[in-house]
Amino acid sequence: MAVTIKGTGSFLPEKVLTNFDLEKMVDTSDAWIRERTGMSERHIAENDTVASMSTEAAKKALEDAGKDASDVDLIIVATCTGEVMVPCTACKVQAEIGADNAVAFDINSACSGFLFALQTAAAYISSGMHRNALIIGAEMLSSIINWEDRSTCVLFGDGAGAAFVEKCEEGRGILSMAHGSNGAKGGVLYFRKKEADPAKEDEYEGKDAFVHMNGAEVYKFAVRQVPDCIEKVLSDAGLKASDVDHFVLHQANIRIIEAISKRLGVGMDHFPVNIEKTGNTSSASIPLLLDELNKSGKLKDGDTMVLSGFGGGLTYGACVLKW
Ligand code: ACO
């Protein structure tokens with residue numbers, strides 16, 4: 001049974017933190033951040049939460065799909081920065097939008113989260129267990145950033161994106177998908193709670209958790225693993241990289257996206273980016289970009305897309321989708 005995305009929505013918090021603001025906080029510069037990451041600003045949640053941002057994005061995705069909350073069978077929120085561990089963010093969204101008929105749960109696979117939520121929803125819908133799903137990627141990375149660490153604090157932003165997913169005619173929607181994990185490399189990128197890091201407790205200064213990252217290792221992983229995964233899903237769908245209209249990749253870093261474009265032999269004009277305005281929003285980045293493309297009319301009926309997420313775990317995945 002074929003499965004597709006029928007509607008999208010997103011939410012970005014009002015407050016914008018520019019590279020020039022960061023220059024006043026740590027020893028960095030607008031030029032360094034732009035050149036190494038492609039970012040110039042990011043949104044920071046002040047009065048919002050992961051649950052409230054998820055709810056706003058979900059409402060917009062339902063509206064775009066022309067669905068009512070009572071129609072929703074399954075809600076999956078991909079996040080690694082939810083305010084509370086229990087109840088999960090998806091159950092909070094369910095209550096907020098009044099999706100009384102849905103089952104709701106979260107998944108945590110960092111920057112691959114939205115892609116994994118899409119694949120999970122597709123598997124449930126294909127099996128006949130559910131008719132549709134509301135999937136959301138949402139993060140408040142600002143809550144776990146060490147604002148004194150210039151190597152990480154310039155990279156991340158907050159936001160949420162959502163998609164309504166349901167079955168469609170054969171030959172449309174998701175044509176192929178693949179995913180993988182490399183737990184042995186988990187130490188390359190992790191969010192560690194203070195309690196789990198007693199030797200470094202002083203560094204946490206009142207925060208509960210911090211992002212730790214070996215940037216060079218993440219870069220190497222992404223530029224090797226992601227093109228391989230994309231080539232696999234393209235081959236499974238009987239397509240070549242040159243057949244793809246839009247590569248909607250996790251917006252980690254412009255240099256990673258440029259390297260992947262080079263590896264696949266496809267120009268950057270097929271790689272839409274919004275990283276300049278949003279920073280890296282982890283599991284929110286793919287649905288934020290997808291919604292931007294959808295609402296701006298850049299996605300045409302029948303366009304071929306590749307969605308690909310990669311990040312902490314380490315985890316990665318991709319799918320080919322005919323819009
Ligand atoms: N401003 C100014 N200088 C900085 C900053 C900063 N914000 N951060 C680090 N530097 C300095 C370092 O201290 C170092 O100085 P030194 O040479 O005097 O020691 C110098 O810049 C170079 O540091 P590197 O870490 O080698 O910088 P690099 O060129 O590797 O760029 C970056 C860092 C952008 C993180 C890069 O490694 C990268 O793109 N990694 C990919 C990881 C990534 O994008 N992660 C996002 C999260 S993970 C995900 O979403 C999948």
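Author: The model is predicted: local features need pLDDT of at least 70, side-chain atom pairs count only at pLDDT 80 or more, and totals for chains, interfaces and linings use all residues. Residues are numbered from 1 along each chain as its sequence is written, and side-chain values use heavy atoms, without hydrogens or water.

Reader: Which helix gives the largest share of the shell around the ligand?

Author: Helices are DSSP runs (H or I, at least four residues), numbered from the N terminus. Helix 2 (30-37) and helix 9 (254-264) are among the elements that each supply at least two residues. The largest share, 4 residues, comes from helix 8.

Reader: How far is a polar side-chain atom of Arg36 from an oxygen atom of the ligand?

Author: A polar contact is a pair of N or O atoms within 3.5 Å. For His250, a polar side-chain atom lies 2.8 Å from a ligand oxygen. For Arg36, the distance to a ligand oxygen is 2.4 Å.

Reader: What is the area buried between domain 1 and domain 2?

Author: Buried area is the accessible area (1.4 Å probe) that two parts lose on being put together, summed over both. Carbon and sulfur atoms give 61% of it. The area is about 4,100 Å².

How values were computed
Polar contact = N/O pair within 3.5 Å; in protein donor to acceptor, adjacent residues only side chain to side chain.
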